[in-house]
Amino acid sequence: MTTLFVSDLHLSYRRPEKIALFKRLMTGPAVKADALYILGDLFDDFWIGCDDDHPPNQEVMSILRDYSANSATQLFIMRGNRDFHLNQEFANATGCTLIEDPTAIMLDDKRVLLMHGDTLCTDDVKYQKWRRFITHPIIKWIYFIMPLSLRTKISRDVRGYAAEAVQKKAPEIIDVTETAVLDTLKNFGVETLIHGHTHRQARHEIKFNNTQATRFVLGEWFEQDCVLVHDKTTFRFERVDDYIKECKLTR
Amino acid sequence: MKVLLTTTLGEITLELNSEKAPKTVENFLAYVESGHFDGTIFHRVIKDFMVQGGGMDKDMNSKSTRDSIQNEANNGLANEYGSIAMARTSDPHSASAQFFINTNDNAFLDFSSETQDGWGYCVFGKVVDGIEVVISIEEKPTTTRNGHQDVPEETVEIEKAAILEEE
């Protein structure tokens with residue numbers, strides 16, 4: 001039983017090599033996995049709707065649609081901060097199941113918590129405020145009533161703001177806080193947490209109250225060449241390209 | 001001091017430890033006596049972890065509460081199987097009415113230090129009768145409702161909470 005976890009793909013028309021690798025993953029090892037979890041930021045540019053023709057939206061949706069049609073793998077997608085607005089229409093069009101942030105799943109009879117990771121950056125107070133606003137159901141509802149042209153205009157402004165804001169922030173703010181991580185582990189009663197968002201790929205062993213917990217941070221999928229594979233009861237980080245080649249060899 | 005919870009799945013008897021958690025027990029009893037818990041549900045249920053309730057009605061609306069209380073988790077009581085503890089937010093002293101019953105030995109929820117991360121969750125009693133009812137709650141299939149995860153599909157309501165007269 002193989003489960004794959006990736007996040008922060010940031011697929012963009014500006015980087016065709018990313019989309020090419022994504023296609024190889026989705027027509028290669030992903031087809032043979034039992035489940036694939038994409039934990040947010042599938043898109044680089046702020047996602048504004050299924051009707052958006054701005055590349056690579058339609059191409060990515062088509063890759064996912066073909067994947068769902070051609071493989072028995074369960075595909076789960078979590079919203080990230082670049083794709084807060086992924087909706088049921090997107091899920092229907094691609095054959096994926098949208099999952100909430102956070103979501104607990106069972107792996108080897110143990111609960112594992114999946115998150116995008118942005119909600120753990122609690123020192124970034126400004127961002128958390130913005131996030132509460134943008135993910136509010138009423139705001140989402142208003143957003144999708146707006147015509148595509150208006151959504152496009154707003155998203156351009158948001159993209160510009162976000163890029164600038166990230167550059168100005170201190171690195172300490174942008175990482176997760178230990179308090180938020182411990183709180184989350186306790187609140188959900190899990191010993192394993194998997195998230196992305198910070199692009200700081202690592203496996204952290206956390207000891208607290210006589211408990212051993214593990215936090216896997218998924219790297220930026222392309223730049224850090226990262227997929228987390230779970231099979232035969234263990235987790236391991238693999239380089240995407242190597243994993244694709246490895247899967248071809250074992251066919 | 002004992003409290004009887006009459007739920008839609010059966011009765012649960014709690015024995016409260018006012019010696020080790022005086023403020024917490026006092027607070028809990030006040031909610032019992034005011035009828036606050038009557039009509040609330042177990043809204044968050046995770047098998048092999050805990051069942052949580054006492055805060056929302058069956059439409060998933062939060063009932064209003066009094067001021068939050070000081071955390072007394074540094075009382076030596078452990079979050080063992082069958083113990084009852086106060087739920088709270090990440091603020092260590094934010095507990096008000098919601099409680100949870102541990103359905104596992106959840107040592108990681110215990111007090112370790114007086115820091116934000118170390119405060120833990122205050123245990124103030126244990127289930128002395130009706131643990132099989134707690135088990136049946138824990139095993140209920142769950143769903144997401146009104147943005148809340150792990151909600152039992154079939155509503156588990158606390159019909160009445162009452163202080164048991166000493167024999």
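**View 1. Helix H9 of chain A over a sheet.** Helix H9 (residues 178-188) of chain A lies across S5, S6, strand S7 (192-195), S8 and strand S9 (211-217) of chain A. The helix runs at about 125° to S7(A). The model shown here and in the other views is predicted.

**View 2. The open sheet of chain A.** Five strands of chain A make up an open sheet, in the order S5-S6-S7-S9-S8. Pairing within this sheet is mixed. Its edges are strand S5 (103-107) and strand S8 (202-208) of chain A, each of which pairs on one side only. On average, and with direction ignored, neighbouring strands are turned by 25° against each other.

View 3. S5(A) is joined by five bridges to strand S6 (residues 110-114) of chain A. The two strands run antiparallel. Opposite Thr103(A) stands Leu114(A), a residue of S6(A).

View 4. Seven bridges pair S8(A) with S9(A) in the antiparallel sense. Across this pairing, Ile206(A) stands opposite Ala213(A) of S9(A). The hairpin of S8(A) and S9(A) has two residues between the strands, and Asn209(A) in this hairpin takes a positive phi near 50°. Is S8(A) largely buried or in the open? A residue counts as buried if 20 or more other C-beta atoms lie within 10 Å of its own. Of the seven residues of S8(A), the number buried is zero, so the strand lies largely in the open.

**View 5. Helices H1 and H3 of chain A.** The axes of helix H1 (residues 16-27) and helix H3 (residues 57-70), both of chain A, come within 10 Å and cross at roughly 10°. Angles under 35 degrees count as roughly parallel, and H1(A) and H3(A) are therefore roughly parallel to each other. H1(A) makes the contact through Ile19(A), Phe22(A), Lys23(A) and Met26(A), and H3(A) through Glu59(A), Ile63(A) and Tyr67(A). By class, the residues of this contact between H1(A) and H3(A) are five nonpolar, no polar and two charged.

**View 6. Glu154 in a loop of chain B.** Glu154(B) sits in the loop between strand S9 (148-152) and strand S10 (157-164) of chain B. With 12 or fewer other C-beta atoms within 10 Å a residue counts as exposed; Glu154(B) has 10 and is therefore exposed. Lys140(B) is 14 residues apart from Glu154(B) along the chain, and the C-alpha atoms of these two residues are separated by 7.5 Å.

Definitions and conventions. Residues are numbered from 1 along each chain as its sequence is written. Chains are lettered from A and ligands numbered from 1 in the order in which they are written. This is a predicted model: local features need pLDDT of at least 70, side-chain atom pairs count only at pLDDT 80 or more; totals for chains, interfaces and linings use all residues. Axes are lines fitted to C-alpha atoms, for helices over the stretch in contact, and angles run from 0 to 180 degrees between N-to-C directions. Helices (H or I, at least four residues) and strands (E, at least two) are DSSP runs, numbered from the N terminus. Angles under 35 degrees count as roughly parallel, over 145 as roughly antiparallel, 65 to 115 as roughly perpendicular and the rest as oblique. Two residues are in contact if their C-beta atoms, placed from the backbone, lie within 7 Å. Ala, Val, Leu, Ile, Met, Phe, Trp, Tyr, Cys and Pro count as nonpolar, Asp, Glu, Lys and Arg as charged, and the others, Gly among them, as polar. Two strands pair if DSSP finds at least two bridges between them.
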